[in-house]
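Keep the viewer open as you read.

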Amino acid sequence: MENKIVDHLFRHHYGKMVAILTRYFGLSHIETIEDAVQDAFIKATLQWRKQLPDNPEAWLTKVAKNRTIDLLRSIKSEKNRIDKIATDASSIELKDLFLDHEIADSQLRMIFVACHPSLKPHEQIAFALKTISGFSTKEIAAALLTKEDTITKRLNRAKQTIIKNNIQFDFPPSNEVQGRLARVMEVVYLTFNEGFHSTNKDKLIREDLCGESIRLCKLLLEKEKFRSGSLYALFALLCFHASRLESKTNDANEIVDIREQDRSKWFFPLIQMGNSSMNKAMEYDDVSIYHYEAAIAAEHIKAKTFEETDWRKILNWYNQLQGLQPNTFNLLNIAIVNLQLRNFEEVKDILETLPIEDLEQRAYLFYGCYAEYYVKRGDLVLAISYLETAISKTSNRLESAYLEKKKQQLEIQSKV
């Protein structure tokens, strides 16, 4: 039970604690701060077996602060500076940084530091996922479809660049805000995607990551200077997707296809928030991938049944999305939509030329699409063969079980 509480607090408060302590001690000590916060959670795992503190979050912060000071004192060159931080009455009071508006301010500063132009784009995303959302290197690697050692190198380079360039823990100048926001939104988007369709072996959905993404997006929207059509569209997209979370799995923790989902479980207040945010997005001139993805999600939400889904509208939105930002996943989705419209020649043309390697850990989706293509063409033998390949490419246990069940159903049909 204690470990579950620690895990929950880690996911929800790691980024907050790192941001606050960074504002207190300075960005040059980010690595030491991360180590201290990590140590605090390890200490909690051990000590809370006997008794939980009255205020676990305050306990963690105090331990992390003291551990940071201890670690910095152990570095001789920093001793005078840290003694001053620890004793100077004029320095920022740590307790003041835990006021709600100060927490938000610290986290927003960290978001923009992570997306500083001195950092390379891949480093920005990795650093943001680590410091803001508390992702492990393994989780970051899964979210970015790359290797763990690559992520470790990116994180180290990001920290070195911050120190070398003396990057300050502050907001960007007003003329740089929108450029930096593009990367910030990508980080929020990636965090949500890893929660909505996790690459974790045993979990399909991670509500904590979805919730964290929505929280960060709301945090940005609360500041007028950060608002844009793209940011409102991103928030709408997250709301639309999050409204369907409860229906994605059943009581047996099995995947439920959107065709079979109980649409009465879709959470209407989130849909309303999404609609309102989409209306706001239309008040701005900028157009982004989030506008099109939100429009696609809205079409699914509008349909009272799977059969009533307006696939032609969805195809139109996907084509526009592909025109704005071409990528392999869009092409795969275009193939899937064309399957619903029974445009078999278009589907075959796309699948035969699709660069599968671009899909990396999601390559099983390509083989699953091919299987569905052959089901609709009435060739169950080939469909089963492609499903077997899809299963072999799947790392998530729930996805694997879902595909295995489909395969067994096809095997029964093929014998009839």
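Is Lys 407 buried or exposed? With a relative accessible area of 11%, Lys 407 is buried (buried means under 20% relative accessible area, exposed over 50% and partly exposed in between, using a 1.4 Å probe and protein chains only). Before going on, note that this is a predicted model, where local features need pLDDT of at least 70, side-chain atom pairs count only at pLDDT 80 or more, and totals for chains, interfaces and linings use all residues. Residues are numbered from 1 along each chain as its sequence is written, and side-chain values use heavy atoms, with hydrogens and water left out.

Back to Lys 407, which forms a salt bridge with Glu 411, the closest N and O atoms being 3.3 Å apart (a salt bridge is a side-chain nitrogen of Lys or Arg within 4 Å of a carboxyl oxygen of Asp or Glu). Both residues sit in helix α19 (residues 397–415), and because they are 4 residues apart, about one helical turn separates them (helices are DSSP runs of H or I with at least four residues, strands are runs of E with at least two, and both are numbered from the N terminus). Glu 411 is partly exposed, at 26% relative accessible area.

A search of the whole structure turns up 13 salt bridges. Among them is the one between the side chains of Glu 34 and Lys 159, at 2.8 Å from N to O. That pair links distant parts of the chain, 125 residues apart: Glu 34 belongs to helix α2 (residues 30–47) and Lys 159 to helix α8 (residues 148–164). Both partners are buried.

Then look at Arg 109 and Asp 170, whose side chains meet in a salt bridge at 3.4 Å, N to O. Arg 109 is in helix α5 (residues 100–114) and Asp 170 in the loop between α8 and α9, so this contact ties together parts 61 residues apart in sequence. Arg 109 counts as buried at 16% relative accessibility, whereas Asp 170 is partly exposed at 37%. These two also belong to a salt-bridge network with Arg 23 and Asp 105.
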